[in-house]
Amino acid sequence: MRPSLRRGGSGYWQLVLCVAVVCGAAGPARAASPEALRLNEMAVGLTAQGRYEEAAQLFTQALNLSPGNETIWRNVARVRTVLGHRLLQAGSLQQAREQYQAALDLVPDESAALVGLGDVQLRLREPRAAVETYRRAVGLEPRNPDAYVRLGQAYYTLGDLAAALSEWERALTLRSNDAALRQRMEQVRSEARLQSGYRSRDSQHFRVIYEGQRREDVGQELLQILERAYTDVGYELGAYPPYDVQTIFYSEVDFTSSHYGLLDGKIRVGLRGLNLGDPLLRSVLYHEYAHALIYAIPRGNNPPRWVHEGLAVHIEKWRADGYKQEAVQQARAGVIPTLDASPYVHGSAAIAHLIERYGISMMQRMLQRMGDGVTFVQAFQETFGMDLATFQQNFRDVLVRGY
């Protein structure tokens with residue numbers, strides 16, 4: 001009997017636990033002892049109450065008494081899978097991995113445990129391992145669109161856009177009304193077209209794609225700046241990506257269009273019209289690298305755009321003062337948009353206020369908590385000791401007073 005799966009609001013697989021009472025009609029090698037039967041029935045009752053930790057203990061005791069009973073094996077595997085999901089949602093990635101692996105050691109075809117393990121591997125930046133795990137899951141449940149969506153994301157993280165699109169196409173054949181997935185696929189198709197004919201070249205910390213030999217000299221100059229950003233921004237935010245950052249140089253895209261709005265950990269820079277002597281070049285590349293690092297620290301659990309842009313503006317050290325003054329002037333005129341509606345001007349002013357009051361180390365801590373799997377709202381409250389609504393009201397008051 002296989003557990004049914006549904007998508008929850010958290011974005012993770014949610015497992016509706018389906019456990020069974022041991023049937024005494026099985027053959028001698030599989031029959032459960034009376035005590036195992038009693039423990040199994042008690043554990044079934046506990047799962048119905050959501051007391052999964054206690055249920056796991058009783059199921060395990062039952063399995064120790066009747067190790068040949070397949071039904072108890074599967075009950076242990078399913079309750080361990082539920083515990084894995086809970087730990088994953090709480091950000092306890094290694095503990096979640098242990099629960100999923102324990103489930104799979106008992107029942108290798110427990111598809112929900114495979115998907116959960118793949119989620120852990122992807123969060124820990126192990127995309128190759130995640131691909132293999134998700135492929136096992138889709139092999140077991142070839143009609144499950146969520147498994148294909150995740151497999152596609154693992155391929156995308158590896159930089160294999162064609163494979164990602166192929167898996168997402170399979171997902172769409174099973175869930176044709178998924179508008180968000182269609183939009184994502186259009187973005188990736190556009191990215192794939194722009195990269196068509198480009199070739200890859202690696203630097204120390206960046207995996208680079210750019211057009212042909214004729215722009216290689218420009219690419220090398222930009223890479224030198226990015227390598228300095230790797231050191232400087234890493235020092236300021238207290239972190240370094242555990243992987244090479246994919247960097248795309250577009251020879252037929254204007255330099256002023258470098259900001260593509262995809263906060264996916266990749267750096268994108270247009271080369272057309274670029275002047276290597278431009279004094280703003282360093283600021284632009286530091287800004288773009290900051291986005292990549294802000295993505296990496298919380299392991300893709302992105303903060304809101306105002307945090308992304310606000311921190312990137314703080315890092316670039318070019319527009320921050322101007323944006324702060326603009327935010328104050330707007331407040332004096334009675335205009336104070338939400339942070340989400342003004343990610344650059346008010347987002348950077350809000351980040352500056354937080355850093356001035358609490359220090360950059362608290363910003364580091366918030367991103368690290370998000371890397372543990374905690375939501376932005378929870379990480380913000382844990383770090384700064386106030387909820388987001390209270391902070392936004394306090395920040396509005398600061399703007400009205402003129403900082």
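Are F391 and F395 buried or exposed? Both F391 and F395 are buried, where buried means under 20% relative accessible area, exposed over 50% and partly exposed in between, using a 1.4 Å probe and protein chains only. What you have here is a predicted model, so local features need pLDDT of at least 70 and side-chain atom pairs count only at pLDDT 80 or more, while totals for chains, interfaces and linings use all residues. Numbering runs from 1 along each chain as its sequence is written, and side-chain values use heavy atoms, with hydrogens and water left out.

**The chain overall**

- The chain has 17 helices and six strands; these are DSSP runs numbered from the N terminus (helices: H or I, at least four residues; strands: E, at least two).
- Of the 403 residues in the chain, 52% are buried.
- Take the contacts (heavy atoms within 4.5 Å) with a separation of 6 or more, and 59% of them come from residues 24 or more positions apart.

**Aromatic pairs**

- A search of the whole structure turns up 11 aromatic pairs. Rings of Phe, Tyr and Trp (its six-membered ring) pair if their centres lie within 6.5 Å; planes under 30 degrees apart count as stacked, over 60 as edge-to-face and the rest as tilted.
- One of them is F380 with F391, a tilted pair at 5.4 Å centre to centre and 55° between the planes.
- F380 belongs to helix α16 (residues 376-384) and F391 to helix α17 (residues 388-401), so this pair ties together parts 11 residues apart in sequence.
- F380 is buried at 1% relative accessibility, and F391 is buried at 2%.
- F391 also pairs with F395: the ring centres are 6.0 Å apart and the planes at 15°, so that pair is stacked.
- F391 and F395 are four residues apart in α17, about one helical turn.
- Ring pairs join W306, Y358, F376, F380, F384, F391 and F395 into a cluster.

**Charges over rings**

- The charged end of R125 sits over the ring of Y243, 3.9 Å from its centre. For this, NZ of Lys or CZ of Arg must be within 6 Å of the ring centre and within 35 degrees of the ring normal.
- R282 does likewise with Y286, its charged end 3.7 Å from the ring centre.

**Around helix α3**

- α3 is followed by G91, whose phi is positive, near 85°.
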